[in-house]
Amino acid sequence: MRFAVAAVCAVWVVLPFQQTFRTGVDAVRVDVAVIDGPRPVAGLSAADFELRDSGVLQHVESVAMADVPLGIMLALDGSGSVSGSPLVNLKQAASAVAGLLRPGDHAALLTFAQSVNLMCEWTADRQQLVDAIERTRAGGGTALYDAGYAALTMKDPQGGRSLVIVFSDGDDT
């Protein structure tokens with residue numbers, strides 16, 4: 001009896017358990033915007049697109065046109081390194097994005113310096129967003145990485161497509 005147990009243990013050590021994993025992908029969704037100036041191009045089909053992955057041509061099966069609401073998180077640098085005209089320019093750029101909101105779209109505003117602050121909750125009200133942008137003042141260090149993390153994790157409760165836009169000089173201090 002002891003011999004049999006020892007033999008089983010020896011086989012277990014010599015022949016470890018091997019697992020087999022399988023994976024697959026049936027489809028990959030790729031969002032694209034085809035525009036001619038400020039207007040979207042309509043009437044496109046799968047034959048109008050060429051998609052390559054690492055240089056390998058992929059089959060495009062279908063193309064769907066849909067107006068899906070957009071949730072835009074604006075992250076605006078309010079640190080000392082952007083004081084003066086850089087902050088003015090960043091505010092103008094953020095306000096321009098707010099002006100592009102379409103019906104059904106939502107946006108929110110985070111500002112960051114040495115800390116991250118939610119200055120405007122998710123809203124469809126362009127003016128509320130622009131007012132919050134204008135209240136941004138410069139001073140302190142730059143918590144860019146913290147702001148990026150916060151912006152990426154604060155999803156629009158309305159759903160839809162998400163977009164994060166960071167307005168900064170790019171230095172995390």
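Leaving aside its neighbours within four places in sequence, which residues is Phe167 in contact with? In this predicted model, the list runs Leu74, Ala75, Leu76, Asp77, Leu90, Ala93, Ala94, Val97 and Phe112.

**The cores**

Phe167 is among the residues with the most contacts inside the largest nonpolar core, along with Ile72, Leu74, Leu76, Leu109, Leu129 and Ile133. This core has 18 residues.

Ala93, one of the contacts of Phe167, is found in helix H2. Ala93 counts as partly exposed because its relative accessibility is 32%. From Ala93 to Leu144 there are 51 residues along the chain, and their C-alpha atoms are separated by 18 Å.

**Two helices with a buried face**

Helix H3 covers residues 126-134, and its buried residues include Leu129, Ala132 and Ile133. Looking down the axis of H3, the buried residues fall within an arc of 105°, so they line one face of the helix. As for what sits over the buried residues of H3, the cover includes strand E5 (70-77), helix H2 (85-99), strand E6 (106-112) and strand E7 (116-123). Leu129 and Ile133 also turn up among the residues with the most contacts inside the largest core. At the start of H3, Asp125 has a side-chain oxygen that comes to within 3.0 Å of the backbone nitrogen of Gln127.

Helix H4 tells its own version of the story. In H4, Leu144, Ala147, Ala150 and Ala151 are buried. Down the axis of H4, these buried residues fall within an arc of 125°, so they too line one face of the helix. The cover over them includes E5, E6, E7 and E8.

What does the face of H4 turned away from its buried side carry? There you find the exposed residues Tyr145, Asp146, Tyr149 and Leu152. Take Leu152, which lies in H4 (residues 144-153): it is exposed, with a relative accessible area of 55%. Leu152 and Leu163 are 11 residues apart in sequence, and in space their C-alpha atoms are 8.5 Å apart.

**Strand E6, two residues in detail**

Strand E6 holds both His106 and Thr111. Is His106 buried or exposed? His106 is buried, with a relative accessible area of 14%. Its side chain reaches the backbone oxygen of Gly104 at 3.3 Å. Not counting residues up to four places away in sequence, His106 touches Leu70, Gly71, Ile72, Leu101, Trp122, Thr123, Ala124, Asp156 and Gln158.

Thr111 counts as buried because its relative accessibility is 7%. Its contacts, leaving aside neighbours within four places in sequence, are Leu76, Val116, Asn117, Met119 and Thr136.

**A loop residue**

Ser54 is found in the loop between E3 and strand E4 (56-58). Its phi is near 55°, a positive value in a residue other than glycine. In general, most residues other than glycine have a negative phi. Ser54 is exposed, with a relative accessible area of 74%.

Here are the individual residues side by side:

| Residue | Relative accessibility | State |
|---|---|---|
| Thr111 | 7% | buried |
| His106 | 14% | buried |
| Ala93 | 32% | partly exposed |
| Leu152 | 55% | exposed |
| Ser54 | 74% | exposed |

**The largest pocket**

How much space lies in the largest pocket? About 1,600 Å³. Lining it are 43 residues, and the closest to its centre are Val30, Asp31, Val32, Ala33 and Ala64. Strand E3 (51-53), E5 and strand E8 (161-167) each supply at least two residues of the lining. E3 gives the most to that lining, with three residues.

Key. Residues numbered from 1 in each chain as written. Predicted model: local features only at pLDDT ≥ 70, side-chain atom pairs only at ≥ 80, totals over all residues. Heavy atoms only, no water. Buried < 20%, exposed > 50% of the residue type's maximum accessible area, 1.4 Å probe, protein only. Helix = DSSP H or I, 4+ residues; strand = E, 2+ residues; numbered from the N terminus. Arc of directions from axis to C-beta. Contact = heavy atoms within 4.5 Å. Polar contact = N/O pair within 3.5 Å; in protein donor to acceptor, adjacent residues only side chain to side chain. Core = buried A, V, L, I, M, F, W, Y, C linked by side-chain atoms within 4.5 Å. 1 Å grid on protein atoms, 1.4 Å probe; cavity = no way out; pocket = protein on both sides within 12 Å on 5 of 7 lines; lining within 4 Å. Points joined across faces, edges and corners; volume = space filled by probe spheres on them.
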